[in-house]
Structures are given as structure tokens and as C-alpha cells.
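Please look at the sequence and the 3D structure below before reading on. The briefing that follows takes the ligand, the pockets and a pair of strands in turn.

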Amino acid sequence: MSLDPTILEAFRRLHAQARASDDPEPNAMTVATAGADGRVHARMVLLKTADERGFTFFTRYDSDKGVQLEANPRIALCLLWKRLEPAAQVRIEGRAEKLPAAESDAYFATRERLSQLGAWASLQSRTLPERAALERRVEEFDQRFAGRDVPRPAEWGGYRVVPDLVEFWFAGQHRWNERERWELIDGAWCKRSLYP
Ligand SMILES: Cc1cc2nc3c(=O)[nH]c(=O)nc-3n(C[C@H](O)[C@H](O)[C@H](O)COP(=O)(O)O)c2cc1C
């Protein structure tokens with residue numbers, strides 16, 4: 001079920017305002033996942049795209065978050081745009097799906113070569129014995145791909161978060177904040193306000 005155009009429009013308007021503000025990280029968002037054991041984990045990633053199909057970010061599929069999502073695709077995102085007036089938070093919940101390989105290939109190709117080599121070299125979330133080990137791996141891959149384009153590692157790619165809940169929060173005076181929650185219920189997006 002695709003995102004209601006009203007929700008997408010509201011998200012895009014706020015996101016555009018945040019990008020036009022002096023917010024140093026308007027694309028940063030917290031991603032929360034819980035693996036098979038139910039323990040909850042949160043970290044930041046960068047939002048890449050937002051459209052009616054959902055919200056995308058890129059990472060390594062064999063990272064801790066990737067392993068957790070393999071066991072349990074439920075995911076929550078949280079963005080904070082505190083330079084907006086009023087400050088806004090957007091909460092998104094849903095399921096994470098791997099992007100089609102062609103979409104991950106297309107985005108990977110736009111990254112600068114050193115980032116591409118980093119995607120090969122970084123065994124994300126595994127133990128790093130010493131910083132030099134990462135640098136050695138970057139050099140190894142630099143030689144391996146010398147004189148040609150760096151292909152996307154199979155273990156690096158995007159996720160699309162297909163939402164079933166989107167909540168907009170706006171700061172109000174006296175902490176009388178506003179909350180507008182949209183939920184996908186029986187195939188229809190329903191909106192209600194919540195006490196702050
Ligand atoms: C502002 C910011 C943006 C980040 N963007 C990404 C990103 O887009 N993809 C990513 O894999 N890690 C990103 N990271 C690093 C993650 O927070 C995290 O350290 C890494 O993905 C490993 O997480 P995991 O071990 O839970 O899988 C970012 C960190 C910060 C502080």
C-alpha cells in the first residue's frame with residue numbers, strides 16, 4: 001500500500017525546509033531494529049529518498065542492523081528537524097525490504113571512489129583489531145579494482161522502509177506540542193491527533 005499523497009507532501013515540504021535551513025544533518029535519522037531476541041538497537045543513518053513507495057537508506061546487509069532486519073523486518077525511523085519553526089519530529093514505522101539490486105547499483109555508482117572502496121573494506125559491525133587493518137583493506141581493494149570502476153559489493157545496498165505509521169510532531173509553546181498520527185488500517189490511511 002503506497003503512502004497517502006497528503007502524507008508524502010507534508011513530509012517533503014518539511015524535509016525541503018530542513019534542507020534549506022542551517023541544519024547540518026537534515027537527512028540524519030535514527031533507525032531502530034530488534035532482532036530475533038527482541039533486544040532493541042538504534043543508530044543514525046542518512047535518508048536517501050522518500051517517495052510513495054517509502055523511505056530508503058544504504059548500509060551493509062551483513063552489518064548488525066542487516067542481521068537484525070533479516071530476522072525481523074519491523075523497523076522504526078525518527079527524524080528531528082530542530083531548526084524549523086516550529087521544530088518538527090517525524091516518526092515512521094513499517095517493514096524494511098531490500099532494494100532491487102539495480103537500484104543499489106545505480107546509487108553505488110554515484111558515490112566517490114574512496115567511499116566505494118570503503119564499502120568493500122569495512123566489515124561493518126565486526127571487530128576491528130586496529131585502525132590500520134581498515135586502511136590495509138582499502139589499499140587491497142584499490143589495487144584489486146585498479147584502472148576500472150569499483151563494482152557494488154553484494155553485501156552493500158539499500159533498504160526501503162515501507163511504512164504503516166507516520167507521525168508528525170510539532171513543537172508548541174508551553175510544551176503543548178502537536179501530534180498528527182497517520183496509520184494504515186485495513187488498507188486505508190487514517191489520521192488522528194494525539195495528546196502530546
Ligand atoms: C549522521 C550519521 C549518519 C550515518 N549514516 C549511515 C548510513 O547511511 N549508513 C550506515 O550504514 N551507517 C551510517 N552511519 C553509521 C551508523 O550509525 C552505524 O554506526 C553503522 O551503520 C553500524 O550500525 P550497526 O552495527 O547497528 O549495523 C551514520 C552515522 C551517523 C552519526
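**Ligand, pockets and a hairpin**

An oxygen atom of the ligand lies 3.3 Å from a polar backbone atom of Asp 64, which is a polar contact in the sense of a pair of N or O atoms within 3.5 Å. This is a predicted model, in which local features need pLDDT of at least 70 and side-chain atom pairs count only at pLDDT 80 or more, while totals for chains, interfaces and linings use all residues. Residues are numbered from 1 along each chain as its sequence is written, and side-chain values use heavy atoms, with hydrogens and water left out.

**The ligand and its shell**

- A polar side-chain atom of Lys 65 is 2.6 Å from an oxygen atom of the ligand, and a polar backbone atom of Leu 46 is 3.1 Å from an oxygen atom of the ligand.
- Taken alone, the ligand exposes 620 Å², of which the protein buries 64%; such accessible areas come from the Shrake-Rupley method with a 1.4 Å probe.
- The residues around the ligand, counted when a heavy atom lies within 4 Å of it, include Arg 43, Met 44, Val 45, Phe 58, Thr 59 and Gln 124.
- β2 (40-46), β4 (54-60) and α2 (64-71) are the elements that give two or more residues to this shell, and β2 provides the largest share, with 4 residues; helices (H or I, at least four residues) and strands (E, at least two) are DSSP runs numbered from the N terminus.

**The pockets**

- The largest pocket has a volume of about 270 Å³, where a volume is the space filled by probe spheres set on grid points joined across faces, edges and corners.
- A pocket is an open set of points on a 1 Å grid over the protein atoms alone, where a 1.4 Å probe fits, with protein on both sides within 12 Å along at least five of seven lines, and its lining residues have an atom within 4 Å of a point.
- Of the 15 residues that line the largest pocket, Phe 58, Thr 59, Arg 111, Gln 124 and Trp 156 are the closest to its centre.
- The second largest pocket holds about 170 Å³ of space, and its lining includes Asp 23, Met 44 and Arg 83.

**The hairpin**

- Strands β8 (residues 178-185) and β9 (residues 188-194) run antiparallel and are joined by 7 bridges, whereas two strands already pair if DSSP finds at least two bridges between them.
- Ile 185 has Ala 188 in β9 as its bridge partner, and the hairpin formed by β8 and β9 has 2 residues between the strands, with Asp 186 in the turn having a positive phi of about 50 degrees.

Technical notes:
Polar contact = N/O pair within 3.5 Å; in protein donor to acceptor, adjacent residues only side chain to side chain.
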